[in-house]
Amino acid sequence: MESTSKTLPDISKADHLCVLVHGLWGNPSHLDYIASSLRDRYGSHLYVFCPKANSGNYTYDGIELGGERLVHEVEETLESLAEKGRKITKISIIGYSLGGLLARYAIGLLNARGWLDKLEPMNFTTFATPHVGVRAPLKGYKDQIFNVLGPRTISASGRQMWLVDSFRDTGRPLLGVLADPGSIFMTGLKKFRQRSVYANIVNDRSVLFYTSGLSKVDPFRDLEDLNINYVEGYEDVIIDPDLHVLPPAERKPETIRARFWKKVKSATLWIPLSLLLVVLVPLASTLFLINAGIQTFRSSKRIRMHEVGENGKRFGRYRVPVMIRDVQHAVEQAFENVNAIQEPAYLSNSDTEVSDTAPEKSARLSVSKSAQNDADVESALDRRSSTMEVSAYSPKLALTDEQFGIIDSLNSVGIRKYPVHIQTHHHSHAAIIVRAEKDGFREGKMVIKHWLDNEFAL
């Protein structure tokens, strides 16, 4: 899809297709800032394409169906460009939120259909994507409300993101199969030259850090007590992926007066917010659930139509085997009943893991891009060792075995993980990609700049 803007460069000779995939309830306009930034940076060398078949409530229809629609649009675009004499030789796929999961599914189909052998896979990046699903590691009544009600409000996409679905005849949730080392999805992902994720550490009400940052722990849960190590030149927004925190800075003891005024300030903010929640939340929740029921019904109807008739014939070619090796129902994963009492927020204190603030293993897997030889690698390791005393041994989050497996599998392919600290806006999920032109989303521009400077190869 080409924009009609007069300021666009001549892309008639572009040989690199960059596909931008929006998120839940989204549309291509949500990615306008990323698209314009790519065009400004790379001009006539890049063809930016924003698929639109999954816009709005069509994102209810699930990752499989959405991924098939996405690949269909990509193939149509490639064929259209070829008919116009434009030769595309490279491909990049960028996903935002749910779009990152659609992108990973599409990569598997493109891989199975031979496109990743015809084209050079360049960049795969996700922004605030729930790679590990959206099941919250909560406890008590919040667990019951969020993890039980949630999957029932967004049709197939909800069941898949809460990992309570069963994908085809595997007996496993789609997200588990999507991260299976023997799947077309993972072999396709490995072919991309650059692989990276950007994850909000605070104020993302849609996607928590553990799932977008592929982490079994939350190294930023006590943010006020951490001396964050930011990447220089990006306005205290991008956190160093290799060394999240530095030794604690010396701080003067907090006075009794300062503590008192902090509590007063907190109370003045919480009281009006509480009143707002009491008044508006019941009404908003009722309207949301009514709409969710309507949209889920419509989505179920679309899914049935997708399987039969013209849609079934047109999209049937995408129902390729997802496993490369012949696996007979590998060990069926044990899932907890979503109606049962959930696990606590963290596992026992004896079951801890070194957080990404300073593990040596992580240093070897994700040394900075400047570390191009053994000497640089050792230097990076030495830098970590010198601050081991400030590393945090954090308790593991109360995730399922399937979720832990997804994290391990995706981390094994080598993905650069950038924690993002958006501080000036309380809707970091939208701000991370500058989803709209707002002054409060300015920090998101630093995220995109860092991505283009460090993680996007033309």
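Guide: Strand β5 covers residues 194-200, and seven of its seven residues are buried, so the strand is largely enclosed by the rest of the structure. Buried here means under 20% relative accessible area, with exposed being over 50% and partly exposed in between, for a 1.4 Å probe and protein chains only; strands (E, at least two residues) and helices (H or I, at least four residues) are DSSP runs, numbered from the N terminus. This is a predicted model, in which local features need pLDDT of at least 70 and side-chain atom pairs count only at pLDDT 80 or more, while totals for chains, interfaces and linings use all residues. Residues are numbered from 1 along each chain as its sequence is written, and side-chain values use heavy atoms, with hydrogens and water left out.

Gln194, Ser196, Tyr198 and Asn200 point one way from β5, whereas Arg195, Val197 and Ala199 point the other way, and all of them are buried. Strand β4 (residues 120-127) runs parallel to β5 and is joined to it by five bridges, where two strands count as paired if DSSP finds at least two bridges between them. Within that pairing, Thr125 has Ser196 of β5 as its bridge partner. Strand β10 (residues 416-420) also runs parallel to β5, again with five bridges, and there Tyr198 stands opposite Tyr418.

Widening the view, the chain has 16 helices and ten strands, and buried residues make up 52% of its 458 residues. The largest nonpolar core has 62 residues, and Leu17, Val74 and Ile93 have the most contacts inside it; such a core is a set of buried Ala, Val, Leu, Ile, Met, Phe, Trp, Tyr and Cys residues joined through side-chain atoms within 4.5 Å. Helix α3 (residues 98-112) gives the most to this core, with nine residues. Apart from that core lies another, of 34 residues, among them Ile34, Ala35, Leu38 and Tyr42. Val74 touches Leu17, Val19, Phe49, Ile91 and Leu110, leaving aside residues up to four places away in sequence, where a contact means heavy atoms within 4.5 Å.

The mean pLDDT of the chain, the predictor's confidence in each residue from 0 to 100, is 79, and 66% of the residues reach 70 or more. Over residues 1-6 the pLDDT is below 50, and over residues 325-344 the pLDDT stays under 50.
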